[in-house]
Amino acid sequence: MEKRIYLCLAHMSGEEQKFIKEAFDTNWVVPLGPNVNGFEADLERFIGGDRRVVALSAGTAALHLALLACKVGQGDEVIVQSFTFCASSHPITYLGASPVFVDSELDTWNMDPVLLEIAIKDRIVQTGRKPKAIIPVALYGMPYDCERIMEIANRYDIPVIEDAAEGFGSKFDGRMLSTYGRYGVLSFNGNKMITTSGGGALICANDEDKREIMFYATQARESYPYYQHEKIGYNYRMSNICAGIGRGQMFVAADHIAHHKHIQSLYRELFKDVDGIALHENPSPRYDSNFWLCTIILDPKLQVKGEKDAYKNMIQGVVGGAAGVTHIASTLHTDCEPNPNVEAMRRMLDSVNVESRPLWKPMHKQPVYKTAVSYTNGISESLFKRGLCLPSGPYVSDSDVEYIVEKIKESID
């Protein structure tokens, strides 16, 4: 079978089995244990800034607990970036609150600070209350404008929860993402910069916040000799086995980040003379993306072979390496979808064993959020219609990138 080039596969350091074996040898296979403590310490050293880390079962769980710690509850509103994966907004609904979606700025593709302030002011007028939190997202590893977003948030005294699930190791002004806001969220899903097979972490400002998060992450038990519960808790702690994988991954974390940046530089060189295709880059030296996924924008006028058949057949299953069960699509089209040349490009790459996928569909265009309040400027919709994610993971070689770009060039009519 011909080799398939995936977006971003997990890559082991070789050290993982040592920590996993230790967990089995000592019978520490449940949540909590030496590997959990060790992984948290490793992450604290990596992130810096005297932050404290809680290792959890998923990045989604981390965001849920951060919202809980910010006192988000029934009837509250939380401002969240629209151009993101659904895990950025779904936890808001878990608590009976409502997401308020804010569109993107063109250079970072992340939350537009101008629209953010417009949204805050208007929500105060409309509801008489401030939003309870702000969630910017490091889309595909690109930092958001930490300076402007934090200045606005501090001026209105609204806590910021940084969704850096895709931004492990990304920096703004030389400082790690997840250390600017009150809380920061990381993900260690199987396709992220480092993995624990599944899992995430919440970055806290101090020991007191960490203790409170750990309390809720371990079923919120009171200190009695029996199980006494006075608040609702969750079973969100990371297992000692998964944390062992994470400890081994820390040996290659810097190498993984360097590799993704190297792959970005190869795409940059190979696409430089290709009309109609633009690579998303750091807007200025202040931004230091990990380039978790390398992304391109196709000019709508670019003609790609097979465009007329792009949406001819119904998609079966999932696209882009996603796991799980899907419902069969009910129609060939939705009211917001990638342009035919983008879908034709994705189909072509799939036919030559290259995994690619469209950019995230903005949350304000998702049917599940059709009644949600949103503040839009058209940028995220435009990017979604024109964008494609390309392979960039540790197993993607220089020759793979050359092959991918060659096939893309050949597809242009």
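Tutor: In helix α2, the buried residues are Asn35, Val36, Gly38, Phe39, Glu40, Asp42, Leu43, Glu44 and Ile47, where buried means under 20% relative accessible area, with a 1.4 Å probe and protein chains only. This is a predicted model, in which local features need pLDDT of at least 70 and side-chain atom pairs count only at pLDDT 80 or more, while totals for chains, interfaces and linings use all residues. Residues are numbered from 1 along each chain as its sequence is written, and side-chain values use heavy atoms, with hydrogens and water left out.

Student: How many residues does helix α2 have, and what span does it reach from its first C-alpha to its last?

Tutor: Helices here are DSSP runs (H or I, at least four residues), as are strands (E, at least two), numbered from the N terminus. The expected span is 1.5 Å times one less than the number of residues. Helix α2 covers residues 34-47, and its reach is close to the expected 20 Å. The values asked for are 14 residues and 20 Å.

Student: Which residues touch the most other members of the largest nonpolar core?

Tutor: A nonpolar core is a set of buried Ala, Val, Leu, Ile, Met, Phe, Trp, Tyr and Cys residues joined through side-chain atoms within 4.5 Å. The largest one has 63 residues, and its largest share, six residues, comes from helix α6 (residues 146-156). Those that touch the most other members are Phe39, Ile79, Ile134, Tyr140, Phe168 and Phe188.

Student: Where around the axis of α6 do its buried residues sit?

Tutor: The buried residues of α6 are Cys146, Ile149, Met150, Ile152, Ala153 and Tyr156. They cover an arc of only 160 degrees, taken from the directions from the helix axis to the C-beta atoms, which puts them on the same side of α6.

Student: Is Lys192, where UniProt places the feature "active site", buried or exposed?

Tutor: That feature comes from an unreviewed UniProt entry, and such annotations may be inferred rather than shown by experiment. Lysine 192 lies in the loop between β8 (183-187) and β9 (200-204). Leaving aside neighbours within four places in sequence, lysine 192 is in contact (heavy atoms within 4.5 Å) with Cys8, Ala165, Glu166, Ser187 and Trp292. With a relative accessible area of 13%, lysine 192 is buried.

How values were computed. Buried < 20%, exposed > 50% of the residue type's maximum accessible area, 1.4 Å probe, protein only.
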